[in-house]
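Me: I would like to go through the terms used for this model one at a time. Please set each against its definition.

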Amino acid sequence: MKLFNVYELFDIELVKAQGSYVWDKNGTRYLDLYGGHAVISIGHTHPHYVEKINEQLGKIAFYSNSIQIPVQQELASKLGALSGYPDYALFLTNSGAESNENALKLASFYNKRKKVIALKGAFHGRTEGAVVITDNPKIVAPINETENVIFIPFDDEIALEKHLSTGEICAVIAEGIQGVGGVFMPSVSFWQTARQLCDKYDTVLIADEVQSGYSRTGKFFAHQWAGIQADIITTAKGMGNGFPIGGVLISPKFKSTYGMLGTTFGGNHLACAAAVAVLDVIEKENLIANAGEVGEYWIKELRKIGAVREVRGKGLMIGVALEIPCKGVRNSLVKDYQIFTGSSADPNTIRLLPALNVGKAEIDFFNTKLDECLEKEWNR
Ligand SMILES: Cc1ncc(COP(=O)(O)O)c(C=O)c1O
C-alpha cells in the first residue's frame, strides 16, 4: 500500500532530536525554528519528558474513560494553576480540531443556537465544525457546507456588533494569534469588545489557543494580553510536546451531563503523563518568561534586517513578511543553512515557532543567516 499523497515534503529524514536541534540520517544537524508546527514547546527529547513518558509506559499506557485516571486530574490542576483559569473544567481530546469541535458543541448545547462568527483568515482545523469556521474554501468539502457561519473582517468591531445584535449567534471564535493566516494578532480593543458584546447577547466567546497558547507569547494564552477571559479555550499542539493531546478549558457556567461529550483516546494515561511533564518543565524552567523576553529581543533584531518588510506577532510566534516570496528563502534556509522555518497563507511571510527554551545564540545565528540568504535570493 502507498501513502495517500497530501503533503509537500522536504527530502529529509530525521532520526534524532534534542532541544532546538534535529539530525537527519546522514548526521547533518538542523536548527529547528518551526518546532514541527508549534508543537515542540519544551524542546525535543527533554530528559524530564522522556523520563515521565517511560515511567508511565512501564505502568499502564492506556485505558478508556470508564475508570479513574488520576493523572488527568493532576494535569487539570496544574493547567488550571499555570494558565490562570483554576476554576475552569478540562475536557481532554487528541487534537486541535477535536478541541474546537467540542467547543462548538458545548456552546450550542448551552444557548441552543447554531450560528458562529469567525474571522477572515481563520484556521481552526479540518473536521466538520472546525473546517467550516476556517476561511479556506479549498478544504471545505460539499458535505461540510453550511449557512451557519459568518466570516467578519479581521478586528472589525462594527461588523461583530451588527451580527451579534440579531441575538442569533451561538459563538464567536478567534485565534489568540492567527497562525496559518500569517501571524495576525487581534487587538486588545477587539477582544474586549467581543467579551462585552458576548455577555450582552449571551453568546459564547471561544479563544482558539491551539497554536498561540501554552506560553508561546509570554503569557500562558495570547488572548490574556487583552486582560479578558474567554468562556471556552481550546488547546493542543504545545500541550504534549509531540505526544498527541488536546484540551478544552470550560467556564463554570457550562454544566456537564454524562455522555454530553466523549472520546476513546482523549485523556489516556500516556498522553496525560506527557502533558504533565510539559507543564512541569514550563514552570521549572520559567519558559513563559523566556518566550516573552527572547521573543521581544528577536522581533527587535529582525526589524533591523533590510529586506524584511514587516515583523508581526508576540513572543515566540513571529511572522516575518519579506519583500519577496518566502518559498525560495525557506528552501535555501534548509538546504544551504540547515534551518527549519514555517510558511503561512501569506506567500511572503515566514513563520517562526521555535521551542520555548530557544536561546539568544540560536536567534542571533538565524538572523545572520537570514540576512545572508535574503541578500543572495534578492540578487538571484
Ligand atoms: C489555530 C489552530 N486551530 C486548530 C488547528 C487544528 O489542529 P490539529 O491539526 O491538531 O487538528 C490548528 C492547526 O494548525 C491551528 O493552528
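This is a predicted model: local features need pLDDT of at least 70, side-chain atom pairs count only at pLDDT 80 or more; totals for chains, interfaces and linings use all residues.

**Terms and what they rest on**

Reply: The exposed residues Ser-189, Asp-199 and Lys-200 lie on the face of α7 turned away from its buried side. Residues are numbered from 1 along each chain as its sequence is written.

Me: Which residues of α7 are buried?

Reply: Trp-191, Ala-194 and Cys-198 are the buried residues of α7. Viewed down the helix axis, they fall within an arc of 60°, so they line one face of α7. The arc is taken from the directions from the helix axis to the C-beta atoms.

Me: How do you know that the span of α7 agrees with its 14 residues?

Reply: The expected span is 1.5 Å times one less than the number of residues. For the 14 residues of α7 that gives 20 Å, and the end C-alpha atoms are 20 Å apart, so the two agree. A helix here is a DSSP run of H or I with at least four residues, and a strand is a run of E with at least two, numbered from the N terminus.

Me: What makes β7, α7 and β8 a right-handed unit?

Reply: With the strands pointing away from the viewer, the path from the first strand over the helix to the second must run clockwise. The β-α-β unit of β7, helix α7 (residues 188-201) and β8 is right-handed, so its path runs clockwise in that view.

Me: Why are β7 and β8 called paired?

Reply: Pairing requires DSSP to find at least two bridges between two strands. Strand β7 (residues 169-175) and β8 have five bridges, in the parallel sense, so they pair by that rule. Glu-175 has Asp-208 in β8 as its bridge partner. β8 also runs parallel to strand β9 (residues 232-235), with three bridges, and Ile-206 is opposite Ile-232 there.

Me: What makes β8 mostly covered?

Reply: Five of the five residues of β8 (residues 204-208) are buried. Val-204, Ile-206 and Asp-208 are buried on one side, and Leu-205 and Ala-207 on the other. In a regular strand, side chains alternate between the two faces of the sheet.

Notes
A residue is buried if 20 or more other C-beta atoms lie within 10 Å of its own, exposed if 12 or fewer, and partly exposed in between; C-beta atoms are placed from the backbone.
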